[in-house]
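Q: Could we go through this one together, starting at the surface and then moving inward?

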Amino acid sequence: RQPPSGPISAMTQTGDTLLAIGTRKGLWLAQSSDRTDWKLSGPFFLMNEVASVALDTRHSPPRILAGLLSPHWGPTVVISEDLGESWTEPEAGAIAFPPETGEALGRIWQLQPDSAERPGVIWAGCEPISVWKSTDGGTSFELNEALWNHPHRPEWGEGYGGAAAHTVLPSPADESVHVAISSGGVYRSDDGGASWTARNQGISAYFLPDPNPEFGQCVHKVARDAADPNRLYAQNHHGVYRSDDAGDTWVSIAGGLPADFGFVMLAHPHTGGTLWTIPLVADGERIPPGGELAVYRSTDAGQSWTRQDSGLPTAEYNAVLRDAAAVDTAEPAGVYFGTRAGDVYASADEGGTFALVTSNLPDVLCVRAAAVGSSAP
């Protein structure tokens, strides 16, 4: 499959920061030398849904991997080694269920490079609920049989957006991997994916007959602390939580937020205890509280929160989806997000001030940012 014909323009120069923006109708790339002024390139794969993007910074320049969903050809993974100048696609589509499962791939929700110590490993979370692992940089993936055959799987529910494993977090410290499922909850493997155990104690599932079940929670996103690999943060369907023991137990950190619903959860790439979320009014509305868009930052692992809205519109009635936000690894860290109205914002000062990168794109589904070249801003 080639990128569909249309106004496609590739990036021709290496910038200091690369921003990948996946939307309901294609992929855009943006580059900036100061994280304030941006040069936009695209659309790539126009009319293909791009639900997942990864910028694999273990390569220079970063390899771009995108999970596409074509209304004609179905889902696949495409890869660019040259910042969007050219793209390759595995002939077999990279991810395909074994025939004996009787299943077909619906959507690729997550593409997650592993640590530098495992340079060829890429994880994928997909719909129907499944986790996949590539050892060749994303050219081919193997189904994680242990999670697929987990005895809980027949009871996992379907979130509003679909039945998906939407978060895959390999630990940089050991062989453990965390997976978040909508709606199944958080699962952890301590042996690289050979076995999995539900890890949801303390997370409420108020919508179930038992509000404190072993599994079945509607978790929206999980992030890992930079300083302590065993500290995790989770944004749930009504609930914001922290775990200090790799998910064995969770405590609420929603105090101080205007709402405990939302999709986004980001952790600082260098500084422990610093995280961001974007609250929404829940369920029937799913808009920023009061129609005023704001990011909330904590520097004490969720004990307190600070509102960050400088440069953001005062009237906004669109949600920010779980993967439509990202942080880069610069110092100070950059914070980025896109709305369902197609507006993308960037902050070069850890959320202190935001500026518009671009507007009027299709519904933004995923955003990823990475440093490119030798001089990080």
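Q: Which residues make the nonpolar surface patch of about 260 Å²?
A: Bearing in mind that this is a predicted model, the patch of about 260 Å² is made by Tyr206, Phe207 and Leu208.

Q: And where does Phe207 lie?
A: Phe207 is in the loop that runs between β14, residues 197-198, and β15, residues 219-224.

Q: Why does Phe207 count as partly exposed?
A: Its relative accessibility is 37%, and Phe207 therefore falls in the partly exposed class, which covers values between the 20% limit for buried and the 50% limit for exposed.

Q: What about Gln217, buried or exposed?
A: Gln217 also lies in the loop between β14 and β15, but Gln217 counts as buried because its relative accessibility is 0%.

Q: What does the side chain of Gln217 reach?
A: It reaches the backbone oxygen of Ile203, at 3.2 Å.

Q: Which residues is Gln217 in contact with, leaving aside neighbours within four places in sequence?
A: The contacts include Phe207 from the patch, together with Ile181, Ser183, Gly184, Gly185, Asn200, Ile203, Ser204, Ala205 and Asn236.

Q: Switching to strands, how many residues of β29 are buried?
A: Seven of the eight residues in β29, which spans 364-371, are buried, so that the strand is mostly covered.

Q: Which strand does β29 pair with, and in what sense, parallel or antiparallel?
A: β29 pairs with β1, residues 17-23, in the antiparallel sense and over seven bridges; within this pairing, Thr23 stands opposite Val364 of β29.

Methods. Residues are numbered from 1 along each chain as its sequence is written. This is a predicted model: local features need pLDDT of at least 70, side-chain atom pairs count only at pLDDT 80 or more; totals for chains, interfaces and linings use all residues. Side-chain values use heavy atoms; hydrogens and water are left out. Patches are made of residues with over 30% relative accessible area and no salt bridge: like charges are joined within 9 Å, nonpolar side chains (Val, Leu, Ile, Met, Phe, Trp, Tyr) within 5 Å. Accessible areas come from the Shrake-Rupley method with a 1.4 Å probe; for residues, only the protein chains shown count as cover. A salt bridge is a side-chain nitrogen of Lys or Arg within 4 Å of a carboxyl oxygen of Asp or Glu. Helices (H or I, at least four residues) and strands (E, at least two) are DSSP runs, numbered from the N terminus. Buried means under 20% relative accessible area, exposed over 50%, partly exposed in between (1.4 Å probe, protein chains only). A polar contact is a pair of N or O atoms within 3.5 Å; within protein, one must be able to donate a hydrogen and the other to accept it, and residues adjacent in sequence count only if both atoms are side-chain atoms. Contact means heavy atoms within 4.5 Å. Two strands pair if DSSP finds at least two bridges between them.
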